[in-house]
Amino acid sequence: MLQTLLDFYLVFVKIGFCSFGGLSMIPVINEEMVSHGWMTLSEVTDIIAIAEMTPGPLGVNAATFAGMRSAGVLGALAANLGAMTPSLTVCLLASVFLARVKGNPILDRLMFGIRPVCIGMMVATCFTLLPNYQPGGAGISPAAVAIGVVALVLLVKAKLTIPKVILVSAVLGLLLG
């Protein structure tokens, strides 16, 4: 059993490091599950379909379902730890790097330039999606716009914390929706 758990961990570490998330993981998951004899091709297809329908990242969902199906709760835990190890490793390395260069004038200027680019990309995405908007359809509702404006005012002017703004927005959604 311990060897199976270790195998699950290592397989999902490999999947995490060798794919770029999302749909690119499917061939690797398929190959690993079938080659280890943990699942048939039909079972892998079912797992992928379920993982795509449930909230959360495909890799973590697939790891949960595959691990649970093949080795129970411990299998799901081992597979999830394996699936998350690559992301956690990269984030840890990035945080160590950023902590070491904090206050660096070059990095500060770089981040100063990146912020408006990110905002510009979000605005460009809105304009790209705007032609698909159909008034009166399932698009933007006046209540949703009002909630968005209230949330913006609460964040910028009233300096409320994000959890409080989310709570106020949820209450407004219940009242106006």
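So, leaving aside neighbours within four places in sequence, which residues is F8 in contact with? Before I answer, a word on the model: it's predicted, so local features need pLDDT of at least 70 and side-chain atom pairs count only at pLDDT 80 or more, while totals for chains, interfaces and linings use all residues. Residues are numbered from 1 along each chain as its sequence is written, and side-chain values use heavy atoms, with hydrogens and water left out.

Okay, F8. Its partners are M33, W38, A66, G67, S70, A71, G75, A78 and A79, where contact means heavy atoms within 4.5 Å.

F8 also sits in the largest nonpolar core, which has 22 residues, and F8, F12, I29 and M33 have the most contacts inside it. By nonpolar core I mean buried Ala, Val, Leu, Ile, Met, Phe, Trp, Tyr and Cys residues joined through side-chain atoms within 4.5 Å; buried is under 20% relative accessible area, with a 1.4 Å probe and protein chains only. Helix 1 (2–18), helix 2 (26–35), helix 3 (41–53) and helix 4 each give two or more residues, and helix 4 gives the most, eight. Helices here are DSSP runs of H or I, at least four residues, numbered from the N terminus.

Now look at helix 4, residues 58–100. Its 43 residues would reach 63 Å if straight, at 1.5 Å a residue, yet the end C-alpha atoms are only 33 Å apart. There's a kink of about 150° centred on A71; that angle is between axes fitted to the seven residues ending there and the seven starting there. And A71 is one of those F8 partners.

Conventions: Expected span 1.5 Å × (residues − 1). Buried < 20%, exposed > 50% of the residue type's maximum accessible area, 1.4 Å probe, protein only.
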